[in-house]
Amino acid sequence: VQLQASGGGLVQPGGSLRLSCEGAGRTLRSYNMGWFRQAPGKEREFVACIARGSGSTYYADSVKGRFTVSRDNAKNTVYLQMDSLKPEDTAVYYCAAALSFGTLATMYGYWGQGTLVTVSS
């Protein structure tokens, strides 16, 4: 499956952005989907994931209550709604697909190209 992430940009602290991850080649309905991010000079870290079927979600503590992951199977797209953004949320955000549900990047076999989110005044 090919993944295309979009929706990044420059936003002020406290603002919102919605990232999209569109799938091509295969339906995303068959996959558990995750969002990860990598800030300059830091390791890639888990942000959120959503299960296939049940739609159960799980979030990193750093984004819990501010970010919401969702999926629209009809559009073959997964979203990451980001509210109350902070400067420390600045990173390249990646979507990924996996057959297992979890937070480890090594579990995800398919990755999008990343979209840059910059939170700054």
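Is S84 buried, partly exposed or exposed, and what is its relative accessibility? S84 counts as partly exposed, at 42% relative accessibility. Here is the scale: buried is under 20% relative accessible area, exposed is over 50%, and partly exposed lies in between, with a 1.4 Å probe and protein chains only.

Some ground rules. This is a predicted model, where local features need pLDDT of at least 70, side-chain atom pairs count only at pLDDT 80 or more, and totals for chains, interfaces and linings use all residues. Residues are numbered from 1 along each chain as its sequence is written, and side-chain values use heavy atoms, leaving out hydrogens and water.

Back to S84. Its phi is near 50°, a positive value in a residue other than glycine. S84 sits in the loop between β8 and β9 (91-98). Strands here are DSSP runs of E, at least two residues, numbered from the N terminus.

Next, N76. Phi of N76 is near 55°, again positive in a residue other than glycine. The loop between β7 (67-72) and β8 (77-82) holds N76. N76 is buried, at 15% relative accessible area.

Now the sheet. It is open, with four strands in the order β1-β3-β8-β7, and the pairing is antiparallel. The edges are β1 (2-6) and β7; each has a single partner strand, so one side of each lacks a neighbour in the sheet. Pairing means that DSSP finds at least two bridges between two strands.

Last, one pair up close. β1 and β3 (residues 17-24) pair in the antiparallel sense over five bridges. S6 stands opposite S20 in β3.
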